[in-house]
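Me: I would like to learn how to read a protein model feature by feature. Please take me through this one.

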Amino acid sequence: MKSEVKKVFRSLKTYELALRPKNKPAQWTLPVPIGRGLSIGGRQIIVMAGPCSIESRAQLLKTARAVQRARAHVLRGGAFKPCTFPYRFRGLKQEGLKIIAEVGRSLGLPIITEVMDVRDVPEVCQYTDILQVGARNMQNYNLLVEVGKTDKPVFLKRGMWANIDELLGAAEYILKEGNPHVMLCERGIVTFENHTRWTLSIPMVAELKHRTHLPVVVDPSHGTGRRHLVEPMALAAIAAGADGLMIEVHPDPDRSVSDWMQALRPQDFSRLMERVSAVAQSVGRTIDGSGERKTLSTIEPRTLVASRALKSGIVLERRHLAIRKNGRGKGTAHQTGVTPRLLNNLIGRRLLYDLRAHDPITLGVVEL
Ligand code: PEP
Ligand code: MN
C-alpha cells in the first residue's frame, strides 16, 4: 500500500515563558503571590520552614510556633512523602493535610506541602496555599500539567538528576497551562561527592536569576543533608541572589521520622535567621516586610482572561479582557472582586507575553 506523508511537524521550541523578557534588566524577577499578602521575588527574602514530615498536630504546632517566632514566613510540612524505600514513613496523607491547614490558619502562616500524584491535586489544593512538586516528580509531566491548571502558586524542585534546561522545561509545562506563578528550587544534585547527601549548586542560583523571571529558592537542608552545613549554605544562597529559602526544622531532630540528619533545632534556626537577615541587608534585601512596595502583581492572581489571542507588546484595551469567577467560568467584576480601579489599572498597559484566547492575565504579566 502506498502511503503519503501529508505534513511533517517539527518544533524546535524549548521554553520561552520561563525566560526573562528581553526588554527587562538583568536579574529582573516577576514576584509571585504566595498568600496572606506576601509575595516572593521582590526585595523581601521569603523563608519557608518546618518539619520534613507532619508527624502529629503537637509536633507541627510546636515547630510552627518556633519558626514563626524566628520570623519565618511560610510553614512547610510533608503529608505525602516520597520515600526511597517503601517501608519508611510515607506521610499522614489526608490527616496531615488537615493538620497543616489548621495549624497554618491558627497562626496566620501560609503553608506549603507536596503533591505527589495527579489524583491528589484537587484535594491538596483545598488545603494548601502553595503546591510543592518534589525533586522526584520534576519530570512527571502529567502532574506538571495538572498543577498548571490550578490557581495555586507552584514550588518546583529541581530533580536530583536534572540540568538547567530540564528544570526550565518542567517550569514551562506549568506556565504553558496558564499558571504564571512558579518558583524554582535548587535542592542539590547527584555527583560523586560523598560528604554531603546531594551537591548543592550555588552557581545555579545566579544562572537561574540571569535567565528567568521566576523567583529562585534554595533548600540547603536536602541540598547538603547535614545539619552543620545548612546555615553556611543558606547564607551563600542569599549572597548569590536567592529570593527565598526552604529549611527543615524539628523540635527534636533525633526523633524526626524522616531526614533527622539535616533537621535544625529551633534555636539553630533562630540563629540562622539572624545571620540570613544580616546577609540579606548587605545585598540590599530584607527578611521583614516593612518598606516593601506593593505592586499590582501581588494582588489576586488569575482573575482576568484574554478574550482573544493577543500578541506581546500590544497595549491592552477593555475589549481584550473578560473576567473569570474564581479562576473558572465567567462572572462579573463584582463577583470576582476585581474592582473597576484594578481593571483600569490593567487597561493601557503593555503585554509582556503572547497570550492565547482565554489564557489568564495576571496583573503581573503587564508592565507596571
Ligand atoms: C521535601 O522537601 O520534603 C522533599 C522530599 O524534598 P525533595 O523533593 O527535594 O527530595
Ligand atoms: Mn525532607
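Me: Which residues in helix 1 meet which residues in helix 2?

Reply: Keep in mind that this is a predicted model. From helix 1, the residues are Arg57, Leu60, Leu61, Ala64, Arg65 and Gln68, and they meet Ile99, Ile100, Glu102, Val103, Ser106 and Leu107 of helix 2. Sorted by class, this contact of helix 1 with helix 2 has seven nonpolar, two polar and three charged residues. As a general idea, an α-helix has 3.6 residues a turn, so residues three or four places apart point the same way.

Me: How are helix 4 and helix 5 packed, in angle and distance?

Reply: The angle between helix 4 (residues 141–148) and helix 5 (residues 164–176) is about 40 degrees, and their axes are 7 Å apart. Helix 4 and helix 5 are therefore oblique to each other. Helix 4 makes a right-handed crossing with helix 5. On the helix 4 side, Tyr141, Leu144, Val145, Val147 and Gly148 meet Ala170, Tyr173 and Ile174 of helix 5. The classes in this contact of helix 4 with helix 5 are seven nonpolar, one polar and no charged residues.

Me: Which residues of helix 5 meet helix 6?

Reply: Ile164, Asp165, Leu167 and Leu168 of helix 5 do, and their partners in helix 6 are Met204, Glu207, Leu208 and Arg211. By class, the contact of helix 5 with helix 6 comes to five nonpolar, no polar and three charged residues. The axes of helix 5 and helix 6 come within 12 Å, crossing at roughly 50 degrees. These two helices, helix 5 and helix 6, are therefore oblique to each other, and helix 5 passes helix 6 in a right-handed crossing.

Me: Is Val154 buried or exposed?

Reply: The idea is to compare the relative accessible area with a cut-off, and buried means under 20%. Val154 has 0% relative accessibility and counts as buried. Val154 is in strand 7 (residues 154–157). Apart from neighbours within four places in sequence, Val154 is in contact with Leu131, Val133, Val147, Ile174, Asn179, His181, Val182 and Met183.

Me: Where is Trp260 found?

Reply: Trp260 sits in the loop between strand 10 and helix 9 (266–282). With a relative accessible area of 44%, Trp260 is partly exposed. Not counting residues up to four places away in sequence, Trp260 touches Arg227, Pro253 and Asp254. Trp260 and Pro51 are 209 residues apart in sequence, but their C-alpha atoms are 9.5 Å apart in space.

Me: Which residues coordinate the manganese ion (ligand 2)?

Reply: The manganese ion (ligand 2) is coordinated at 2.0 to 2.4 Å by Cys52 (SG), His222 (NE2), Glu248 (OE) and Asp259 (OD). The spacing of these donors of the manganese ion along the chain is C-x169-H-x25-E-x10-D. His222 is in helix 7 (residues 220–224) and Glu248 is in strand 10 (residues 244–248), so the pair ties together parts that are 26 residues apart in sequence. His222 and Glu248 are both buried.

Me: What is Ser221 in contact with, leaving aside its neighbours within four places in sequence?

Reply: Ser221 is in contact with Arg226, Val230, Met246, Ile247, Glu248 and Gln262. Ser221 lies in helix 7 and, at 0% relative accessibility, counts as buried.

Me: Which residues of helix 8 are buried?

Reply: In helix 8 (residues 227–239), the buried residues are Leu229, Val230, Glu231, Ala234, Leu235, Ala237 and Ile238. Their cover includes helix 6 (202–211), strand 9 (216–218), helix 7, strand 10 and helix 9. Gly241 follows helix 8 and has a positive phi, near 110 degrees.

Technical notes: Residues numbered from 1 in each chain as written. Chains lettered and ligands numbered in written order. Predicted model: local features only at pLDDT ≥ 70, side-chain atom pairs only at ≥ 80, totals over all residues. Heavy atoms only, no water. Contact = heavy atoms within 4.5 Å. Helix = DSSP H or I, 4+ residues; strand = E, 2+ residues; numbered from the N terminus. Nonpolar A, V, L, I, M, F, W, Y, C, P; charged D, E, K, R; others polar. Axes fitted to C-alpha atoms, helices over the stretch in contact; angles between N-to-C directions. Parallel < 35°, antiparallel > 145°, perpendicular 65-115°, else oblique. Left-handed = near helix turned anticlockwise from the far one by under 90°. Donors = N, O, S within 2.8 Å, 3.2 Å for Na, K, Ca; no water. Buried < 20%, exposed > 50% of the residue type's maximum accessible area, 1.4 Å probe, protein only.
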